[in-house]
Amino acid sequence: MSVTFGASTWLWTSPFTSEHGDLLRSIAKLGFDAVELPIEDPDLVDAAEIRPILEETGLTPYLCGAFGPGRDLTNADSSVRANTRAYLSRLMDLAEALDIPFIAGPMYAQVGKARQLSPDDRQREWDLAASELRTVANEAGNRGLKLAIEAINRFESDLVNTTADTIRLIRSIDHPAAKAMIDTFHMTIEESDIGDAIRHAGDDLIHVQVSENHRGVTGTGLTPWQDFRDALRDIRYTGAIVIESFTPDNRDLAGAVCIWKRFTTTQDEFAGRGLAFMQDLFDRPLRSLEAAILTASH
């Protein structure tokens, strides 16, 4: 089994822009193989500026969407759905420019859209999400890209909460470009068995985000990491495993995800300790001197 380890730039900043070249260099120096770029505003990111830095550092990039207000494929207003599709098209433009094979995230509805609906109303929203994502998947497929669809917890969505929900949505979309991703933070809230959920995803799983049940450093919470690892090995997963958490330094982002305090003195320490844990979990040697020093000091 060969996996790579990455970090989301949300650990340090929001929004990500083309001005964050030094952050990419820092992430590489910490020992990461990959970086996940959450694209809140595509106008702030110029692939021509970022690509040379990615090549310089050797970081493999991934793209994650941000589905805040106004980005909702289940909205009754067709103009909102059209704007959401246009945003996803912009993400695909960046993915093509940076040679990234997929775009990721809970792209079916606005994050925070959580309500008690009647079965008929929920089915209508489900069918709308599937129909809209079929259109998006068709565009992605024509570009040689895929969609990595993420389930999120019940406090952030009433539509897709478990890996089984994701797979069911993929089947409803019925397009080969529609695939799955997982995030262990949401899984510790929603899944009965993380290992079984991963095995259920099987070959449809193309991207993995990791975070503790309390959004802290991996290895310091209640997540059943051995079950997580064993299941990924069972399905022969060979993609990226990306640490995703957030910085309390950005009040808007911290407020949105309820990060009220620091888990570590610095965000570099958070990332370095998390990476060391994941490398040890998967029996991977430390890639950098910086990561080795962090491990020895904790």
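How many bridges join strand 1 (residues 4–8) to strand 8? Select both strands to begin: four bridges join them, and the two run parallel, where strands are DSSP E runs of at least two residues, helices are H or I runs of at least four residues, and both are numbered from the N terminus; two strands pair if DSSP finds at least two bridges between them. The model is a predicted one, in which local features need pLDDT of at least 70 and side-chain atom pairs count only at pLDDT 80 or more, while totals for chains, interfaces and linings use all residues. Residues are numbered from 1 along each chain as its sequence is written, and side-chain values use heavy atoms, with hydrogens and water left out.

Within this pairing, pick Ala7, whose bridge partner in strand 8 is Ile243. From strand 7 the chain passes through helix 8 (residues 225–234) to reach strand 8, a β-α-β crossover that is right-handed, that is, clockwise from the first strand over the helix to the second when the strands point away from the viewer.

Now show the side chains of strand 8 (residues 240–243): Ala240 and Val242 point one way, Ile241 and Ile243 the other, and all are buried (under 20% relative accessible area with a 1.4 Å probe and protein chains only; exposed is over 50%, partly exposed in between). In a regular strand the side chains alternate between the two faces of the sheet.

In the loop between strand 1 and helix 1 (21–29), find Pro15, which a cis peptide bond with omega of about -5° joins to Ser14. In the loop between strand 7 and helix 8, select Arg215, which has a positive phi of about 70° although it is not a glycine, and which is buried, at 7% relative accessible area. Asp99, in the loop between helix 3 (78–97) and strand 4 (102–105), also has a positive phi, near 55°, but is exposed, at 56%.

Finish at the lining of the largest cavity, whose residues include Glu150, Asn161, Met181 and His186. The residues of this lining divide into four nonpolar, five polar and three charged (Ala, Val, Leu, Ile, Met, Phe, Trp, Tyr, Cys and Pro count as nonpolar, Asp, Glu, Lys and Arg as charged, and the others, Gly among them, as polar). A cavity is a set of points on a 1 Å grid over the protein atoms alone where a 1.4 Å probe fits but cannot get out, and lining residues have an atom within 4 Å of a point.

Conventions. On a 1 Å grid over the protein atoms alone, a cavity is a set of points where a 1.4 Å probe fits but cannot get out, and a pocket is an open set with protein on both sides within 12 Å along at least five of seven lines; lining residues have an atom within 4 Å of a point.
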